[in-house]
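The sequence and the model are shown first, and the description follows.

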Amino acid sequence: MTVLVTGGAGFIGSHLCRALAAAGYERIVALDNFNSYYDPPLKRASAAELAVLPQVKIIEADFCDAPAMARLFATERFRHVIHLGGSPGVPYSVRQPAEVLHNNVQGTLSLLEAARANPVERFLFSSSSTVYGQGVAAPFVEDAPLGVPASPYGVSKRAAELLGLNYFRLHQVPFVALRLFNVYGPRLRPELSLATFARKILAGEPLPLFGDGSVLRDFTHVSDICRGILSALTAPHVAGECLNLGHDQPIAMRHLINLIEQAAGRRAQIEYLPPRGEDLPLTHADLTKSRRLLGYSPRVAIAEGVHEYISWLQTLPRSSVTP
Ligand SMILES: Cc1cn([C@H]2C[C@H](O)[C@@H](COP(=O)(O)OP(=O)(O)O[C@H]3O[C@H](C)C(=O)[C@H](O)[C@H]3O)O2)c(=O)[nH]c1=O
């Protein structure tokens with residue numbers, strides 16, 4: 001019985017494949033198209049480390065290629081699909097909306113179609129806190145009305161959620177939308193705030209801060225996210241649901257900078273830039289539903305996670321840390 005992980009060589013995917021193997025899943029297909037969204041050698045290195053695990057098979061393919069996915073699903077007979085892949089960047093989606101909509105919506109559709117023809121026990125989709133949009137009261141509750149997303153990325157995640165929920169109703173694909181809140185940890189994508197700030201501070205360069213540092217983010221450690229995903233594979237009564245995987249303790253960006261300063265033992269220089277229209281002022285997960293349905297309870301405090309991240313960054317060769 002095989003589990004498919006799309007985006008398997010990416011940041012969350014590479015952690016998840018290890019967590020699945022450690023939890024006893026014996027065959028894991030990590031699908032990735034190794035696109036150039038961020039440093040391809042980083043992903044190749046991550047895939048090479050994964051390939052050492054006997055449970056993991058890496059397949060290089062594009063999940064937007066519907067005929068290829070139909071063939072793959074017919075051959076592999078997946079038990080579970082965990083769809084993490086896609087175009088992940090909020091500002092990138094403002095620059096390249098067509099590409100992001102294609103990868104995140106068309107790509108999800110081609111996997112849903114393949115799962116419709118080759119039934120699976122669970123289809124987990126990595127959605128995002130960005131679907132909550134503007135003007136929603138915090139903490140964000142899954143079944144309360146949503147605002148308009150601030151970015152094409154948020155739109156694409158909401159559209160993909162709606163497709164999956166529709167396939168659950170029409171075709172009984174056991175779809176679950178997991179709304180992830182600012183996931184971080186070792187191997188974090190280098191363009192995100194924690195990675196950017198840490199690299200700049202270690203290099204003694206000014207870091208770019210959009211706004212005055214009061215933006216709040218509910219940073220969630222990747223190990224907590226992996227525990228939530230594993231629970232969602234087997235928990236009863238979750239098909240057709242949207243569930244938050246967050247930390248429920250938002251911090252201001254200026255506090256994040258302080259934590260990095262403490263962990264790195266260096267002071268930050270800050271270049272203040274105007275706020276960006278695509279950024280929500282706040283993300284904050286209400287965890288009532290995911291605690292009830294998944295037994296989800298995040299364990300890693302942000303100070304501990306930032307410390308771990310800085311220690312990991314300092315193990316890398318100097319050339320790959322330089323911003
Ligand atoms: C890279 C960068 C960011 N920022 C600001 C922009 C935001 O207000 C805040 C957090 O940005 P970050 O890049 O950490 O992540 P988000 O834009 O919240 O989006 C991320 O979290 C959601 C849930 C996803 O679903 C996305 O996949 C993921 O990209 O810091 C800066 O001020 N300077 C910088 O250099």
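In this predicted model, helix 7 has the buried residues S193, L194, A195, F197, A198, K200 and I201. The cover over these buried residues includes strand 7 (183–184), strand 8, helix 9 and helix 11 (302–314). After helix 7 comes G204, which has a positive phi, near 70 degrees.

**Around the ligand**

The ligand has 20 residues around it, of which V90, S128, S193, F210 and D279 come nearest. The elements giving two or more residues to this shell are helix 7 (193–203) and strand 8 (206–210). Strand 8 provides the largest share, three residues. Sorted by class, the shell holds ten nonpolar, seven polar and three charged residues.

**Two domains**The protein is divided into domain 1 (2–181 + 221–245) and domain 2 (193–217 + 249–284 + 300–321). Their centres, taken over C-alpha atoms, are separated by 26 Å. Across the boundary, 15 residues of domain 1 are in contact with ten residues of domain 2. On the side of domain 1 that touches domain 2, helix 4 (90–95) and helix 8 (222–234) are the elements that give two or more residues. Helix 4 supplies the largest share of that side, three residues. By class, the side of domain 1 that touches domain 2 has eight nonpolar, six polar and one charged residues.

**The nonpolar core**

The largest nonpolar core has 83 residues, and V5, L178 and I260 touch the most other members. Helix 9 (residues 253–264) contributes the largest share of this core, six residues. Each of domain 1 and domain 2 gives the core at least three residues. For V5, when residues up to four places away in sequence are not counted, the residues touched are G13, L16, C17, I28, V29, A30, L31, I82 and L84.

**Helix 5**

Helix 5 (residues 97–117) has 21 residues. From its first C-alpha to its last, helix 5 reaches 30 Å, close to the 30 Å expected at 1.5 Å a residue. Its buried residues are V100, N103, N104, V105, G107, T108, L111, L112, A114 and A115. They pack against strand 1 (2–6), helix 3 (66–76), strand 4 (78–83), helix 4, strand 5 and helix 6. An α-helix has 3.6 residues a turn, so residues three or four places apart point the same way.

G85 is placed in the loop between strand 4 and helix 4. Apart from residues up to four places away in sequence, G85 touches T6, G7, G10, L31, D32, F63 and G107. One of these, G107, is among the buried residues of helix 5.

A138 belongs to the loop between strand 5 (122–128) and helix 6 (152–171). With 15 C-beta neighbours inside 10 Å, this residue counts as partly exposed. If its neighbours within four places in sequence are left aside, A138 is in contact with L282 and H284.

L313 is found in helix 11. Because L313 has 20 C-beta neighbours inside 10 Å, it counts as buried. Leaving aside neighbours within four places in sequence, L313 is in contact with A198, L202 and V321. A198 is itself one of the buried residues of helix 7.

| Residue pair | Separation in sequence | C-alpha to C-alpha distance |
|---|---|---|
| G85 and S126 | 41 residues | 8.1 Å |
| A138 and H284 | 146 residues | 6.0 Å |
| L313 and D65 | 248 residues | 35 Å |

The pair A138 and H284 is also listed as a contact.

Methods
Residues numbered from 1 in each chain as written. Predicted model: local features only at pLDDT ≥ 70, side-chain atom pairs only at ≥ 80, totals over all residues. Near = placed C-beta within 6 Å. Helix = DSSP H or I, 4+ residues; strand = E, 2+ residues; numbered from the N terminus. Nonpolar A, V, L, I, M, F, W, Y, C, P; charged D, E, K, R; others polar. Buried ≥ 20, exposed ≤ 12 C-beta atoms within 10 Å, placed from the backbone. Contact = placed C-beta atoms within 7 Å. Domains from an automatic or database assignment. Core = buried A, V, L, I, M, F, W, Y, C linked by C-beta atoms within 7 Å. Expected span 1.5 Å × (residues − 1).
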